[in-house]
Amino acid sequence: MARVKNLKPFYAVLAVVAVGGAGWIWMAARGGGGAPISAPVDEAAVARAAGFPGYSLGSPDAPVTVIEYADFECPACAQFAILTMHDVKQRLIAAGRVRWQFRDFPLPGHRHSRLAHHAAACADEQGRFWEMHDQLFYGQSTWAAERNPYNRFRDYARAIGLDLARYDECMESARYSARIEASVRDGEQLGVSSTPTFIIGNRRYPGFMAYDALRALIDSAAAASSNR
Amino acid sequence: MAAALLSLGGFFISLYLWLWKLGMVGELACGAGGQCEVVQNSSYAVIFGLPVAAYGVFGYAALLAVSLAGLQPRWQSRREPTLLLLALAAGGVAFTAYLTYLEAFVIRAWCRWCLVSAAIIVAILVSALAGLRELRRAGSQS
């Protein structure tokens with residue numbers, strides 16, 4: 001090393017770099033959480049995005065339509081997706097008895113919810129909404145505890161075979177934020193205030209539902225519509 | 001001195017990428033294209049269970065420590081710190097060369113931060129070589 005007598009100016013410069021670097025890291029860590037997707041949405045954009053009926057499964061000719069307002073970060077919604085939805089798909093939807101519509105209803109208290117709903121919308125763009133729906137609900141306890149699940153959602157996108165370049169572009173654009181907000185407004189208009197809330201016929205049923213209870217409601221809605 | 005400043009810069013870049021890998025910072029500030037994430041999410045971004053960025057954090061911390069030690073009065077005229085710095089930097093350059101090769105020919109995506117880190121480690125090696133040369137010159141004069 002070259003012989004240097006006074007190291008003070010050097011230490012001053014080093015300290016400035018250290019403070020600057022630490023500040024940069026701190027700002028980056030604080031800003032984490034996919035800011036554009038969680039940012040407030042422009043009212044005009046929400047109005048333009050209205051009209052999306054949700055993600056549907058099953059025949060449009062089914063006698064009963066069930067609308068599910070759910071939040072990917074809500075534990076009761078995950079419980080429903082894991083415990084009940086499998087039977088619903090196999091025994092009701094595949095049999096042509098029910099048409100299912102999933103609608104976004106991220107609750108304000110859930111910090112990663114909008115990001116999760118946006119990831120699902122980006123998966124839908126590639127025709128894989130339901131695969132992402134399952135990944136998000138089955139992995140909920142893992143990602144909900146994370147500081148920023150952006151990468152985990154990306155791992156899910158890879159696992160379900162999405163084109164990652166398109167997925168990344170979709171997430172960066174935050175283009176479905178307004179549509180998600182429009183869905184929340186639709187739910188609020190129908191009186192939805194918690195998740196999951198099921199709308200069967202013209203009635204609202206909040207809270208987790210087991211298969212048998214759901215099926216009984218669907219049967220009575222089907223009977224009512226055939227009597228009409 | 002240059003080596004210490006460069007090491008500190010490299011340390012923060014590696015720390016940023018490591019924290020990102022741990023999910024503690026938001027989307028990578030990488031400019032348009034998002035290729036940083038392609039590189040950082042590739043299977044090559046983890047070696048023996050530890051993210052590559054973590055090796056960078058420890059490597060740069062070691063380089064910083066050695067270069068600061070070498071500036072202390074009792075080490076200033078000794079060769080050991082410079083030689084150690086040279087060895088560490090040479091190892092870093094070799095590792096970076098391997099990573100850059102992966103980016104160019106295997107992953108086929110460029111991570112801007114990794115390239116900045118590559119430039120930094122090369123500059124540290126150059127400064128260590130310059131330090132060694134200076135020591136030799138000082139040695140032959142005395």
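**Entry 1: α3 and α4 of chain B**

I looked up how α3(B) passes α4(B) and found a left-handed crossing. This is a predicted model, so I kept its confidence limits in mind, with local features needing pLDDT of at least 70. Helix α3 of chain B covers residues 52-71. Its axis and that of α4(B) come within 9 Å and cross at roughly 160°. An angle over 145 degrees counts as roughly antiparallel, and α3(B) and α4(B) are therefore roughly antiparallel to each other.

I then listed who makes the contact. From α3(B) come Val52(B), Gly59(B), Ala62(B), Leu63(B), Val66(B), Ser67(B), Ala69(B) and Gly70(B). From α4(B) come Pro81(B), Thr82(B), Leu84(B), Leu85(B), Leu88(B), Ala89(B), Gly92(B) and Leu99(B). I sorted the residues of this contact by class: 11 are nonpolar, 5 are polar and none is charged.

**Entry 2: α4 of chain B by itself**

How far does α4(B) reach from its first C-alpha to its last? I read 38 Å for the 28 residues of the helix, residues 80-107. That is close to the 40 Å expected at 1.5 Å a residue.

Next I checked burial along α4(B). The buried residues are Pro81(B), Thr82(B), Leu85(B), Leu86(B), Leu88(B), Ala89(B), Gly92(B), Thr96(B), Leu99(B), Glu103(B) and Ile107(B). I noted that an α-helix has 3.6 residues a turn, so residues three or four places apart point the same way. Among the buried residues of α4(B) are Leu85(B), Leu88(B), Gly92(B), Thr96(B), Leu99(B), Glu103(B) and Ile107(B). Past the helix I found Arg108(B), whose phi is positive, near 55°.

**Entry 3: chain B overall**

I counted 5 helices and 2 strands in chain B. Along the sequence the pattern reads α-α-β-β-α-α-α. Chain B has 142 residues, and 46% of them count as buried. I also looked at contacts between residues at least 6 apart in sequence; 73% of those in chain B join residues at least 24 apart.

**Entry 4: Phe48 of chain B**

I stopped at Phe48(B) in the loop between β1 (46-47) and β2 (50-51) of chain B. Phe48(B) is not a glycine, yet its phi is positive, about 50°. Most residues other than glycine have a negative phi. Is Phe48(B) buried or exposed? I found 5 other C-beta atoms within 10 Å, so Phe48(B) is exposed.

**Entry 5: α5 and α9 of chain A**

I moved to chain A and took another helix pair. Helix α5 (residues 113-125) and helix α9 (residues 164-173) of chain A pack at an angle of about 135°. Their axes are 9 Å apart. I call α5(A) and α9(A) oblique to each other because of that angle. The crossing of α5(A) past α9(A) is right-handed.

On the α5(A) side the contact uses His118(A), Ala119(A), Cys122(A) and Glu125(A). On the α9(A) side it uses Tyr167(A), Cys170(A) and Met171(A). By class I got 5 nonpolar, 1 polar and 1 charged for the contact of α5(A) with α9(A).

Ala174(A) sits in the loop between α9 and α10 of chain A. I read a positive phi of about 55° there, although Ala174(A) is not a glycine. With 21 other C-beta atoms within 10 Å, Ala174(A) is buried.

Which kind of peptide bond runs from Thr195(A) to Pro196(A)? I found it to be cis, with omega near -10°. Most peptide bonds are trans. Pro196(A) belongs to the loop between α10 (177-189) and β4 (197-200) of chain A.

**Entry 6: Ala49 and Ala50 of chain A**

I finished at the end of α3 in chain A. Ala49(A) is in this helix, residues 43-49, while Ala50(A) lies in the loop between α3 and β1 (55-57). I counted 19 C-beta neighbours inside 10 Å for Ala49(A), so Ala49(A) counts as partly exposed. Ala50(A) has 13 such neighbours and also counts as partly exposed.

What does Ala49(A) touch, residues up to four places away in sequence not counted? I listed Ala178(A), Arg179(A) and Ala182(A). Ala49(A) and Ser183(A) are 134 residues apart in sequence but 8.8 Å apart in space, C-alpha to C-alpha. For Ala50(A) and Arg179(A) I read 129 residues in sequence and 6.7 Å in space, again C-alpha to C-alpha.

Key:
Residues are numbered from 1 along each chain as its sequence is written. Chains are lettered from A and ligands numbered from 1 in the order in which they are written. This is a predicted model: local features need pLDDT of at least 70, side-chain atom pairs count only at pLDDT 80 or more; totals for chains, interfaces and linings use all residues. Axes are lines fitted to C-alpha atoms, for helices over the stretch in contact, and angles run from 0 to 180 degrees between N-to-C directions. Helices (H or I, at least four residues) and strands (E, at least two) are DSSP runs, numbered from the N terminus. Angles under 35 degrees count as roughly parallel, over 145 as roughly antiparallel, 65 to 115 as roughly perpendicular and the rest as oblique. A crossing is left-handed if the near helix is turned anticlockwise from the far one by less than a right angle, and right-handed if clockwise. Two residues are in contact if their C-beta atoms, placed from the backbone, lie within 7 Å. Ala, Val, Leu, Ile, Met, Phe, Trp, Tyr, Cys and Pro count as nonpolar, Asp, Glu, Lys and Arg as charged, and the others, Gly among them, as polar. The expected span of a helix is 1.5 Å times one less than its number of residues. A residue is buried if 20 or more other C-beta atoms lie within 10 Å of its own, exposed if 12 or fewer, and partly exposed in between; C-beta atoms are placed from the backbone.
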